[in-house]
Amino acid sequence: MSGAQSWPSVRAVTFDAAGTLIEPRERVGETYARVARRHGIEVEPMLAEHRFFELYRAAAPLCFPHLTRVGDILDAERQWWREIVRGVFAGFPTEQVDAAFEELFAYYGRGEAWNVFPDVRPALEALQSRGVLLGIVSNFDARLFRICEELGLAGLFRTVAVSSRVGAAKPQAEIFRRALHDLGVSPSEALHVGDSWREDVCGAEAVGMRAVCIDRRSAPGERCIADLRVLPERLAI
């Protein structure tokens, strides 16, 4: 703990989802290539992965502030991801690509597609045992609710704010404010943890929350941790 940053008076901790709490069970390119093959599409896994992340980073935020009906939002979520998949498999027949999309969309909406990082459950359970309120703030769609249920995480969180339903995506303030409202805490009483400096750290700090970046591949520093299990000991409760 010597020299480590601590967060006094924190009553709630919110977390990013993908890359912070969970990760795909296998590399995205491997999954895309395997599913595509079943629909007559041959693509190298490394190429599929490169295209996926290039398109994902360039895409508009996964939120639809102009939509209010749940059915319309669900349709928009599917179309957002359909465009990513069509880009990954550009040049192949639309019928085959759309069939691959349907399988991929269903697969990534189930718990079996994801692994929970080993430090997650011990950290969440320790925080919860101390009375800390927990939430998720994620640029994701409604499939995250089922994923959390199937991975046995849902019961640990008071709120799950996903960008497609809130109508705002990190680093926009509204998605953080929605989680704070649901948790019943002020920004100064909350800490956010995520793996993106811009979306998570800068976004949370802009609304007055404290924030820390999780990077399991690097040595911990004042603004970055390598293991979520350090969180309970840093909270002065």
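The largest pocket holds about 1,400 Å³ of space. A pocket here is an open set of points on a 1 Å grid over the protein atoms alone, where a 1.4 Å probe fits, with protein on both sides within 12 Å along at least five of seven lines. Its volume is the space filled by probe spheres set on the points, which are joined across faces, edges and corners. The model is predicted: local features need pLDDT of at least 70, side-chain atom pairs count only at pLDDT 80 or more, and totals for chains, interfaces and linings use all residues. Residues are numbered from 1 along each chain as its sequence is written, and side-chain values use heavy atoms, without hydrogens and water.

Helix α2 gives the most to the lining, 5 residues. Helices (H or I, at least four residues) and strands (E, at least two) are DSSP runs, numbered from the N terminus. The lining divides into 25 nonpolar, 5 polar and 15 charged residues. Ala, Val, Leu, Ile, Met, Phe, Trp, Tyr, Cys and Pro count as nonpolar; Asp, Glu, Lys and Arg as charged; the others, Gly among them, as polar.

Strand β8 (210–214) also gives two or more residues to this lining. It belongs to an open sheet of 6 strands, ordered β6-β5-β2-β7-β8-β9 with parallel pairing. β6 (159–162) and β9 (224–225) are the edges; each has a single partner strand, so one side of each lacks a neighbour in the sheet. Pairing requires at least two DSSP bridges; β8 and β9 have 2. Cys 213 stands opposite Cys 224 in β9.

Finally, a cis peptide bond joins Lys 170 and Pro 171, with omega about 10°. Pro 171 sits in the loop between α7 (163–166) and α8 (173–183).

Methods: On a 1 Å grid over the protein atoms alone, a cavity is a set of points where a 1.4 Å probe fits but cannot get out, and a pocket is an open set with protein on both sides within 12 Å along at least five of seven lines; lining residues have an atom within 4 Å of a point.
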